[in-house]
Amino acid sequence: MTAKLRVQNVYKVFGDAPQEALTRLEKGESKEQIFSETGLTVGVQDASFDVEEGEIFVVMGLSGSGKSTLVRMLNGLIPPTSGHILIDDDDVANCTPEQLREIRRQKITMVFQHFALFPHKTVADNAGYGLRIKGVNPKERRERAVKALGQVGLAAHADSFPSELSGGMQQRVGLARGLATDPQILLMDEPFGALDPLIRREMQDELIVLQRQLKKTIIFITHDLNEALILGDKIAIMKDGQFVQVGTAQEIVSNPADDYVAAFVADIDRGRVFTADDVSNEPAPVKLGQDTAQDAMRSMEELNRNALYVVDGDQVAGVVTYRDLAGAGDQPQDLADAMVTEYPTADGDAQLHELYAAASSGLPIAVTDENNKLVGVVEPEAVFAQLSGEESAAPEPPNAPDETGATKPGAA
Amino acid sequence: MSPADLLTIPFDDWVNFLVRDILVPNFRPFFRAIQVPITGVLNALDAFFAFVPMLITTAVFALLAWRYVGRGMAIFTVVGFFFIDMIELWPETMTTLSMIITSVLFCTVIGVPIGILVARGDRAWKIVRPILDVMQTVPSFVYLVPIVMLFGVGMAPGIIATIIFALPPIIRLTNLGIRNVRGDLIEAAEAFGSTTWQMLWEVQFPLALRTIMAGLNQTLMLALSMVVIAALIGAGGLGLVVNTGLGRLDVGGATAGGVGIVILAIVLDRITQGLGEDNGVATMSLRQTFLSLFRRGSSTVGETKKAG
């Protein structure tokens, strides 16, 4: 993959003589010091990052952290004081107004926090605004606008006015407007910040679904770390105009760079950060028609597990528990008889919060790929260990199964 | 003891010198030329209203009043216009109407672009604002004399005086309307690559239209209030009727002219206000507004509180 957007050492200083602030920053003076001595406000200092094509890059920070300034520099709404912002090979930070306009028309669009829909235009005209600006003829404009509205589930409202729609719907129009020109890069400035929590959750899920088909390069601004973790392929945490940490959701949650990040991480919803893959073990299946019940029991004892999956060739056939095998006594037993064919499964990228129900069944969860091939096993304890933030992602060793076959998972 | 003991300034002589010895001899052709478009528009309108029968004009105004204000205003328009006709002031009223429309038209053509221009830059606004203050505070009698010297007497100079008097509100309110367009909408328009013109036409102007219409209404009212004063320098119409009555101490004649002006003022004010509020629904494009003039019935007007 290639970097679609490269941001290199970007600074933004608000005030009359910004260069002075830059030299002072170089000398290592702090933002506050510069402000009190010169009256210049440092909005963003030394931001550098690359965003790969098709990636969602989330910038998370509290108000005043410079995140809105940063995103507005990416499409030139705010000109940076110094640095480079490269979209493909065009430098947004150093180009003529005409070039900038062309880049905005062809490559990069924006979704705004308070929707910023034009109240005097219909939903379709709002969605088609970028096309109108580009000079697309009315018929095609309408078609493409309605298609974009269809992507966000609003095609039926094309002829309404924005004021007739709810907040969530208005932001869908905002999103459709951003998508209608088929840009490569979509900037989203706290797009769900003004929505109710429930609607926000819904919109986040929809954005994820939409992104799977569209594969846009998205720069997403938020003040909500949960949102950042849910959406971001990569996340930058911003404070006082600087990046504190850049990494994947898992990296940030498991290794906060400093106390500031750690404080945020402390109250996030871990169930939405980690996936089944993060907590799964190697499957170590027993093979149907090949391994015996004794083989299975031996292997469970070795691996310290209560149950193992049975595979038939590549496919998952069922699950056998130590209790069932032990309870059957000593006679050699076919695995197929002891096997339970109702077992919990999950995708590797399923989030932990989706596994709660499966985990409470007491059986390990089979992690399968799209061909129903077993790629891992998640012990219920591992799910809850990860949720509670215990450091080891590996499952706690369950109690060794005793003679009566009483096992711990049932209590989980 | 006062400063005047030490030094007196012959300010009046300076102004006299400026107007009489510089402007009048050197720029008279220029000022005459300014009148040409005004006279053209005025004569066309005057001829038009003289040609259209009184009943048809009344019907059109009544329909507009009905469409944009309500039934009560339509009835008022009919009764009022019939009254004007029956006190035998219809031709004078139409002359006044032509003058008003001409003044407002020129005020719009001059004022809206200036308003847009000053909305774009604080420096321009800093220059224009004191000029507008002066235009609004200098008593109109003060500039009647130089206007007569530069333009002569007649209808056109009367309209020029009216334009000077009535221009400020539309500039101010256009400026205000454009400046009050929400910042995030401007940002959105910019983020999609709008040019300055596209921004103006697609976003700023339509959203400022309601405020601009309020300015138009104010300008119209000021123009009406200048009718009598403009008649002093030879503009005809109802103002002349009032002045004549005044000169002859003919209370009845002056009152008749005054009543005519008031009726015309009420009708024009309510209709333009209704127009402005119709736009205020913020749903109509300029084209739709225009079309709606011809589409009756299911309008958003309904029960307008300001109906006369």
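**A friendly note on this predicted model**

1. Let's begin inside chain B. Setting aside residues up to four places away in sequence, B:Ile100 touches B:Leu220, B:Ala223, B:Leu224, B:Val227 and B:Leu268; contact here means heavy atoms within 4.5 Å. Please keep in mind that this is a predicted model, where local features need pLDDT of at least 70, side-chain atom pairs count only at pLDDT 80 or more, and totals for chains, interfaces and linings use all residues. Residues are numbered from 1 along each chain as its sequence is written, chains are lettered from A and ligands numbered from 1 in the order in which they are written, and side-chain values use heavy atoms, with hydrogens and water left out.

2. Where does B:Ile100 belong? B:Ile100 is one of the residues with the most contacts inside the largest nonpolar core, which has 74 residues; B:Phe81, B:Leu224 and B:Leu268 are also named there. Such a core is a set of buried Ala, Val, Leu, Ile, Met, Phe, Trp, Tyr and Cys residues joined through side-chain atoms within 4.5 Å. Buried means under 20% relative accessible area, exposed over 50%, and partly exposed in between (1.4 Å probe, protein chains only).

3. Which helix gives the most to this core? Helix H5 of chain B (residues 90–120) does, with twelve residues. Helices (H or I, at least four residues) and strands (E, at least two) are DSSP runs, numbered from the N terminus.

4. Apart from that core lies another, of 61 residues, and A:Val152, A:Ile218, A:Val265 and A:Leu352 are among them.

5. Now look at a loop in chain B. B:Val181 sits between helix H8 (155–179) and helix H9 (183–191). Is B:Val181 buried or exposed? B:Val181 is buried, with a relative accessible area of 9%. Beyond its neighbours within four places in sequence, B:Val181 is in contact with B:Ile186, B:Val203, B:Gln204, B:Leu207 and B:Ala208. The C-alpha atoms of B:Val181 and B:Arg120 are separated by 12 Å, and the two residues are 61 apart along the chain.

6. Chain A as a whole has 18 helices and 16 strands. Its C-alpha atoms fill a box of roughly 85 × 60 × 35 Å, taken along the principal axes. Of the 412 residues in chain A, 53% are buried.

7. Chain A is assigned domain 1 (3–107 + 183–268) and domain 2 (276–411), with bounds that come from an automatic or database domain assignment. The C-alpha centres of these two domains lie 43 Å apart.
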